[in-house]
Amino acid sequence: MPEVLDEEDSMLITKTQSVLLDTRELYLTQFETSVNCSLGIAGDNAKSYRLTPKSYCSPILVGNRKASTSQYYVFKPDGSRVLFGCFDKHCKTCTFDVDISEKDICIPMENSGQSFVVSHEKKITEKILSANNGTSAITIFFNDKNSCEISEDKDKDAPLRRCSVPPLNWETKMTGA
């Protein structure tokens with residue numbers, strides 16, 4: 001006689017497709033003043049971050065010494081989104097939920113007046129700057145000492161900023177010229 005199974009003995013077996021998180025570093029550029037990933041207007045700026053995909057809340061680190069900041073990020077386990085600009089170590093209060101399923105395109109965030117570009121390519125910042133027809137400059141903030149001077153170049157429409165650069169950098173910030 002066949003054995004009778006009750007609810008506790010029954011088991012549901014399903015087949016699911018597991019998606020592993022891509023662990024390659026991701027370069028995220030946040031355009032803080034533009035919804036079209038542009039640095040075309042004087043004063044426009046952007047910050048570039050190198051993020052390591054993790055499915056748990058991680059601090060945003062800066063500089064060669066990887067100093068911790070007060071911001072955190074977390075990737076969705078399938079790698080399709082990143083919660084970014086989180087201000088608690090459990091990533092419960094995050095400013096941005098960025099769809100990163102497509103790379104190397106502009107991701108506008110109309111509601112915040114900002115935009116993002118996400119790439120596995122290390123030189124994405126240079127490509128972004130060159131896409132602005134050379135109308136943008138890059139300023140590297142190393143410390144609070146001003147070691148730059150602005151000079152007028154008669155062959156150019158905009159002033160030229162010349163800086164002496166110390167060997168260690170802490171944060172890279174791009175600004176429109």
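**Nonpolar cores and aromatic pairs in a predicted model**

**View 1. The largest nonpolar core.** This core has 17 residues, and Leu28, Phe75, Phe84, Val98 and Phe116 have the most contacts inside it. A nonpolar core is a set of buried Ala, Val, Leu, Ile, Met, Phe, Trp, Tyr and Cys residues joined through side-chain atoms within 4.5 Å; buried means under 20% relative accessible area (1.4 Å probe, protein chains only). Two or more residues come from each of strands S1 (26-31), S2, S4 (67-75), S5, S6, S7 (106-109) and S8; strands are DSSP runs of E, at least two residues long, numbered from the N terminus. The model is predicted: local features need pLDDT of at least 70 and side-chain atom pairs count only at pLDDT 80 or more, whereas totals for chains, interfaces and linings use all residues. Residues are numbered from 1 along each chain as its sequence is written, and side-chain values use heavy atoms, leaving out hydrogens and water.

**View 2. Tyr49 and Phe84.** Rings of Phe, Tyr and Trp (its six-membered ring) pair if their centres lie within 6.5 Å; planes under 30 degrees apart count as stacked, over 60 as edge-to-face and the rest as tilted. This rule gives four aromatic pairs. In one of them, the ring centres of Tyr49 and Phe84 are 5.0 Å apart and the planes stand at 70°, so the pair is edge-to-face. Tyr49 in S2 (residues 45-51) and Phe84 in S5 (residues 81-86) are 35 residues apart, and both are buried.

**View 3. Phe96 and Phe116.** The ring centres of Phe96 and Phe116 lie 5.0 Å apart with planes at 75°, so this pair is also edge-to-face. Phe96 has 6% relative accessibility and therefore counts as buried; Phe116, at 0%, counts as buried. Tyr49, Phe84, Phe96 and Phe116 form one aromatic cluster.

Definitions and conventions. Helices (H or I, at least four residues) and strands (E, at least two) are DSSP runs, numbered from the N terminus. Buried means under 20% relative accessible area, exposed over 50%, partly exposed in between (1.4 Å probe, protein chains only).
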